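Please examine the sequence and the structure shown below. The briefing after them is organised by topic.

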Amino acid sequence: MTDTDGTPAGPGAAPFRGPARDPVTGASRRFDAAVRAYVRQHPRATVVALGEGLGTAFWRLDNGRLHWLTVESPETAAVRRMLLPDGPRRRTLACPVTGPGWLDAVRAPERGVVVTVRGLLAFLRPPEVRALFAACAERFPGGALVFDTVPRWCVGRDPRRTDARTAAGAAAPAAPGPPPLRWGLNAADLPRITSAHPNVVAVREVPPPGRGPLAGRLARWRRHVPLLHTPARTVTEIRFGARRTAPDPGPGGAPADPERPAGHRSR
């Protein structure tokens, strides 16, 4: 699967992103616009890029004062350090993006933190997505999280599920591929993201910059039409309140799941 700008998406695709595969189009422009808006308000903020691969957004967004933390798997982090060596305000951390270790590596969070997650959340399980939202809301008061995802119908129509069933009955084992899509988000689901943590105070879809309101409406309509077979990725921004608050447990002692309607039981 690829992003709308042709960039491979997903945890296994991150190493393919680099100076020649980091086009400033499609979702990239929306990510850049959201980060720039946050950095204008917090010039010395830290941008945490989860699963960035060899992305070069730092050089597009650097204002001369911000700090940049790339979080990657050990293998990809080693390649990134070799090709894009760390600098005074730019670091690469070898750490699981779904683990808590990178949260402690953010220096001076009181200056502001904006977390970007591109091409990753659709491959995580709903509890992992929920935990990431809650952890960022708890640890980064006044911060933001920008992520992309696919609509829910893409998850149900993922062709790799069919390929896996076909390969299971074949004589020769199939070559391993990227993980299946596990999480999608529709426009109607956005308000429920606030239930992930009390400190989630605002959720919005980031519109395509410079195209006017009509293009934004067309993009929202396009992603709800499965027959187009074009899983258009949407970019969403979550804003966190200025104070750290304790999470409000949902039924059974766990935070409410923003990805599932009320009354729907997780598998």
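Predicted model: local features only at pLDDT ≥ 70, side-chain atom pairs only at ≥ 80, totals over all residues.

Residues are numbered from 1 along each chain as its sequence is written, and side-chain values use heavy atoms, with hydrogens and water left out. The protein has eight helices and seven strands; helices (H or I, at least four residues) and strands (E, at least two) are DSSP runs, numbered from the N terminus.

**Overall make-up**

- Of the 267 residues of the protein, 45% count as buried; buried means under 20% relative accessible area, exposed means over 50%, and partly exposed lies in between (1.4 Å probe, protein chains only).
- The accessible surface of the protein comes to about 13100 Å², and carbon and sulfur atoms hold 59% of it. These areas come from the Shrake-Rupley method with a 1.4 Å probe, and for residues only the protein chains shown count as cover.
- Among contacts in the protein with a separation of 6 or more, 73% are between residues 24 or more positions apart; a contact means heavy atoms within 4.5 Å.

**The sheet**

- Strands of a sheet pair through backbone hydrogen bonds, either parallel or antiparallel.
- Seven strands form an open sheet with mixed pairing, in the order S3-S2-S1-S4-S5-S7-S6; two strands pair if DSSP finds at least two bridges between them.
- S3 and S6 are the edge strands, and each pairs on one side only.
- From one strand to the next, the twist averages 20 degrees.
- S1 and S4 run parallel and are joined by five bridges, and Thr46 has Val113 in S4 as its bridge partner.
- S2 and S3 also pair in the parallel sense, over five bridges, with Val71 opposite Leu93 in S3.

**Helix H3 and its strands**

- Helix H3 (residues 74–83) lies across strand S2 (67–72) and S3, and runs at about 150 degrees to S3. Axes are lines fitted to C-alpha atoms, for helices over the stretch in contact, and angles run from 0 to 180 degrees between N-to-C directions.
- S2, H3 and S3 make a right-handed β-α-β unit; a crossover is right-handed if, with the strands pointing away from the viewer, the path from the first strand over the helix to the second runs clockwise.

- Helix H1 (residues 27–41) has 15 residues and should span 21 Å at 1.5 Å a residue; its end C-alpha atoms are 22 Å apart, which agrees. The expected span is 1.5 Å times one less than the number of residues.
- Buried residues of H1 include Phe31, Val35 and Tyr38, and what covers the buried residues of H1 includes S1, helix H2 (57–61), S4, S5 and S7.
- Helix H5 (residues 126–139) has 14 residues and should span 20 Å, in agreement with the 20 Å between its end C-alpha atoms.
- Among the buried residues of H5 are Val129, Leu132 and Phe133; their cover includes strand S1 (46–50), helix H4 (101–104) and strand S4 (113–117).

**Two loop residues**

- Thr98 is found in the loop between strand S3 (90–94) and H4, and is partly exposed because its relative accessible area is 47%.
- The C-alpha atoms of Thr98 and Glu128 are separated by 6.9 Å, although these residues are 30 residues apart along the chain.
- Ala108 lies in the loop between H4 and S4, and counts as partly exposed because its relative accessibility is 23%.
- Phi of Ala108 is near 50 degrees, a positive value in a residue other than glycine.
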